[in-house]
Amino acid sequence: MIDFRSDTVTRPSDQMRRIMADAQVGDDVYGDDPSVNRLEEYAADLAGFEAALFTSSGTQANLLALMSHCQRGDEYLCGQQAHNYRFEGGGAAVLGSIQPQPVENDADGSLPLEKLAAQIKPDDIHFAQTRLLSLENTIGGKVLSQDYLAQAQGFAFEHGLKIHLDGARVFNASVRQQLPLSAIAQHFDSLTICLSKGLGAPVGSLLVGDEALITKARRWRKMLGGGLRQAGILAAAGQYALENNVNRLAEDHDNAGYLASELAQLDELEVALEQVQTNMVFARLSSGDSRALQHHLAQRGILISAANTLRLVTHLDVDRTGVDKLITETKAFFASNR
């Protein structure tokens, strides 16, 4: 099956599996797992930070960041489309007693600073105390500009806030802008990195920050059931992903751009080509049944998620031949229903 549902569906390569099998391991709760230690040091160095923490998922890494920056009854600012607000089970509120304060994202994914300023609470017993600004890059496949990140950092400093980056796909932003990770990370007090999306590892994310933040996050991880033992088997996969699968993200971006330009030729689909910056294509059905299209494609070995606006994601397990097959079969579906 050729799977366009998400870049989370990637599978470990044969080489990655061999490295996992041969990984040196130890008890990470004691700090004894050499593969975990190596991965954390490597990621921290890439980002230009003091320390990093290996976690089970991006959801856990984001939650640890929010709980490490904020106390019970505090508040964080984020976007209406932010993953750590909409798609992570309300963990900040339920487990951290932290109140999210979302504002509407602009079309480019950024958060208008004037709207954020209007949501910062006064020092009054009636309000949660605003402590943190959380951004996401990429968001919906779109890259936040370096100019905007610098403005957001200045805004956070001006208002006495910490600033966190949900960087689940931050390497897509890095590759798109031809910048090292540290150039993006320099604008933040912490960031998360997902290893199991476009980078192709089976499990894991990293939280990166200074020593004090990571020490606090490690304690929270333990309280949330995340004490790891011989996790080096998984860390080795993440290490391989960081060393081998970052630069190749440009191929996914090229495939997404090609896919978008081809689908935009169909009268039944509306594709905003200017919004296709990395590995995601959003195509709105102006006519036709998305479930019927999903069924048609599935019968031909192609997986998509049915919705009025299709989200099609390219990744390391989808090559140009697979993209061409999706284009051909999508055109055939609409032609047969005209």
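Trainee: In this predicted model, where is Ser97 found?

Mentor: Ser97 sits in the loop that links α5 (91-96) and β4, and its phi is near 55°, a positive value in a residue other than glycine.

Trainee: Why is Ser97 called partly exposed?

Mentor: The relative accessible area of Ser97 is 25%; since buried means under 20% and exposed means over 50%, a value of 25% falls in between, and therefore Ser97 is called partly exposed.

Trainee: What makes Gln178 exposed?

Mentor: Gln178, which lies in the loop between α8 (170-177) and α9 (181-185), also has a phi near 55°. Its relative accessible area is 74%, and because the cut-off for exposed is over 50%, Gln178 counts as exposed.

Trainee: Why are β2 and β4 said to stand at the edges of the sheet?

Mentor: Seven strands form an open sheet of mixed pairing, in the order β2-β8-β7-β6-β5-β3-β4. β2 (51-55) and β4 (99-103) each have a single partner strand, so one side of each is left without a neighbour in the sheet. Neighbouring strands of this sheet are turned by 20° against each other on average, direction ignored.

Trainee: How do you know that β7 and β8 pair?

Mentor: Pairing requires at least two bridges, and four bridges join β7 (residues 190-194) to β8 (residues 205-209), so the two strands count as paired. They run antiparallel, and Ile193 stands opposite Leu206 in β8.

Trainee: What lies across β2, β7 and β8?

Mentor: Helix α10 (residues 211-223) lies across these strands, running at about 20° to β2.

Terms used. Residues are numbered from 1 along each chain as its sequence is written. This is a predicted model: local features need pLDDT of at least 70, side-chain atom pairs count only at pLDDT 80 or more; totals for chains, interfaces and linings use all residues. Side-chain values use heavy atoms; hydrogens and water are left out. Axes are lines fitted to C-alpha atoms, for helices over the stretch in contact, and angles run from 0 to 180 degrees between N-to-C directions. Contact means heavy atoms within 4.5 Å. Buried means under 20% relative accessible area, exposed over 50%, partly exposed in between (1.4 Å probe, protein chains only).
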